[in-house]
Amino acid sequence: MKKKPESLTFDRFQELLAPVHEGRPNDIFISKPLTVVGNVSHLLRQVIASQKLMQLEDYRIGMIMSGTVRANINLIEHELKANTLVFLTPGTIVEPIFVSPDFTLKGMAMSAETLHLAAENQLPGFLNGEQMDGHIKITEEQKDFADHLFSLLLKALLQQQMSTKVVHALIMAVLYDFDDLFMRQRSVNNSNKTRDRGVFEQFIHLVNLHSKQEHQL
């Protein structure tokens, strides 16, 4: 039987993260428009056990710190390892298949409204809608820098009465770092990408965008 994606709302996301939050309150910040976590392996294992497809309603920006994960992302199977940056946009369909025991991922989930407020409606290039998802390998030095930015953001969110301007600035620092690394990689990939691959990626984007209204190819 064909699986039907379950919408991963913020409320559902918070529910799945609750056990992690109770065990490591200083390693996670949860709110409806923005969640930042030091490790989401527990969440992925829950999704694998449930054998569900999850359709995202928000933006996910993350970095694999260690281990390996295999997942179907927008109908394509990927195996991602340590030192990999990942982004997923609203509408993306994810089906985790395997998570290694040592897998850890640091990242954030944010609503479209939060993203546009932080970016003042000027989105970084890698989130301009050309791709629904993406991933790239980075160096150890690049990983350490991105890790530092995530840690600063989490620390700021966990402080009481932190300025919204500071939080938005730290969100954008993370996003601009990702943008710089993805744009460098994209310039290399564009010279190698075939037309057939480009058409396929556009097709997947349209399927995810219109699948709720249009049920025929």
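Colleague: Is Phe 182 buried or exposed, and at what relative accessible area?

Modeller: This is a predicted model, where local features need pLDDT of at least 70, side-chain atom pairs count only at pLDDT 80 or more, and totals for chains, interfaces and linings use all residues. Residues are numbered from 1 along each chain as its sequence is written, and side-chain values use heavy atoms, with hydrogens and water left out. Buried means under 20% relative accessible area, exposed over 50%, partly exposed in between (1.4 Å probe, protein chains only). Phe 182 is buried, its relative accessible area being 6%.

Colleague: Phe 87 and Phe 182 form what kind of ring pair?

Modeller: Rings of Phe, Tyr and Trp (its six-membered ring) pair if their centres lie within 6.5 Å; planes under 30 degrees apart count as stacked, over 60 as edge-to-face and the rest as tilted. Here the centres sit 5.0 Å apart with the planes at 80°, so the pair is edge-to-face.

Colleague: How many residues apart in sequence are the parts that this Phe 87 and Phe 182 pair ties together?

Modeller: Helices (H or I, at least four residues) and strands (E, at least two) are DSSP runs, numbered from the N terminus. Phe 87 belongs to strand E8 and Phe 182 to helix H5 (residues 164-192), so the parts tied together are apart in sequence by 95 residues.

Colleague: Which residues of H3 are buried?

Modeller: On the other side of H3, Glu 113 and Leu 117 are exposed. The buried residues of helix H3 (residues 112-119) are Thr 114, Leu 115, Ala 118 and Ala 119.
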